Amino acid sequence: MSSIFSNEIDIVKAPTSKINTVDFENITFGNVFTDHMLLCDYKEGTWQKPIIKPYEPFMIDPSAKVFHYGQAIFEGMKAYKDENEDVWMFRPDENFNRFNHSATRLAMPEVPEEIFIGGLKTILDLERDWVKKGKGNTLYIRPFMIAIGSGVIAQPSTQYRFMIILSPARSYYSGEVKVIIAEHYSRAANGGIGAAKAAGNYSAQFYPTKLANEKGFQQIIWTDDATHTKLEEAGTMNVFFRINDTLYTAPTGERILDGVTRKSLIDIAKRDGINVEIRSVLVAELIEAAKNGSLKEIFGAGTAAVVNPIVGFSYQDNYYELPKIDDSFALQLKEKLTNIQYKLAEDTFGWTEKV
């Protein structure tokens, strides 16, 4: 992919760094941010010159269309540091392409590669001290774009702001995860924006997830909007099911996000001889497998958590506990993927890119 040099981006450095005030061993995911952020505005039909400046709040008009019509998209990525102090990105081209897919779906302008990838490399190079060595330590990357054009007429904005902010991170989830299979609420519908990383997709999940939390469950496995018979995603992640020794996951499409972690796990599994079937898994099929003992594992897959094993699920007020197994596909695949990301294993796929 192309690069962009820092002299093509205005850089205003923070007078002092707050890095020495951060307890990197006890970080809550997404609450601490680095010293700088990248900002680039789109107006009059063209992208302006990007700027990297100290992380700070900014002013925006109360009538900005992001507030009224929800034109907001984002991506989730991570940077890693190896034992040689080199910083690496993981499959940034996939996030770049998906970001622009989301932009197109929400009638927003595509971000050029030199701004997205070039700006990302520049700010990561500037903030490389925030990327800590050691497995489990990462720098979470949040590129996003919002509509900043003013006016409450229901039409797309003519002005947008693309930004990148960075947050040191460790584990996203902790403890055991139990889920409820959705019977009424839906994450997405055919013809909708389920395949885009649109902000509204996530806010729509908050209420049904709150109801699940009140019942003692951490997440929801979403089902299709029309029949609620097909299993689709788990919380904010793609979901995998292991029945006997075959791994199943739903195909991506209009309702299901094309997850970078998902496709990476599929490729690793196929490389290592695990049988993978990409097809719709029915709720009835899962219940039957749980009852006859052939259901071995369920796990979510996403950038933040990488792989998140699920210990049990509830459907129609019946709870099904999953067995504890020694040859967990979830843990095997997570280990193999993170070893590639941290440069502890050979990257035979060509997924990692040095900053």
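Analyst: F349 is partly exposed, its relative accessible area being 28%, whereas W351 is buried at 7%. Here, buried means a relative accessible area under 20%, exposed means over 50%, and partly exposed lies in between, using a 1.4 Å probe and protein chains only. The model is predicted, so local features need pLDDT of at least 70 and side-chain atom pairs count only at pLDDT 80 or more, while totals for chains, interfaces and linings use all residues. Residues are numbered from 1 along each chain as its sequence is written, and side-chain values use heavy atoms, with hydrogens and water left out.

A pair of aromatic rings is described by the distance of the centres and the angle of the planes. Rings of Phe, Tyr and Trp (its six-membered ring) pair if their centres lie within 6.5 Å; planes under 30 degrees apart count as stacked, over 60 as edge-to-face, and the rest as tilted. By this rule there are 17 aromatic pairs. One of them joins Y42 and W47, which are edge-to-face, with 5.2 Å between centres and 65 degrees between planes. Y42 is buried at 17% relative accessibility, and W47 is buried at 14%. F349 and W351, by contrast, are stacked, with 4.0 Å between centres and 5 degrees between planes. F96, F99, F116 and F162 form one aromatic cluster.

Charged groups also meet rings. A charge sits over a ring if NZ of Lys or CZ of Arg is within 6 Å of the ring centre and within 35 degrees of the ring normal. The charged end of R161 sits over the ring of F58, 4.9 Å from its centre, and that of K343 sits over the ring of W88, 4.0 Å from its centre.

Next come the pairs of opposite charge. A salt bridge is a side-chain nitrogen of Lys or Arg within 4 Å of a carboxyl oxygen of Asp or Glu. The count comes to 24 salt bridges. In one of these, E25 pairs with R170, the closest N and O atoms being 3.9 Å apart. E25 lies in the loop between β1 (10–11) and β2 (36–43), and R170 in the loop between β9 (160–169) and β10 (178–181), so this pair ties together parts that are 145 residues apart in sequence. Helices (H or I, at least four residues) and strands (E, at least two) are DSSP runs, numbered from the N terminus. E25 is exposed at 53%, and R170 is partly exposed at 28%.

Another salt bridge joins K210 and E214, at 2.8 Å from N to O. These two residues lie in helix α4 (residues 199–214), four residues apart, about one turn of the helix. K210 is partly exposed at 45%, and E214 is exposed at 54%. Elsewhere, salt bridges that share partners join R91, E94, D258 and K263 into one network. Within it, E94 and R91 meet at 3.4 Å, N to O, and R91 is buried at 9% relative accessibility.
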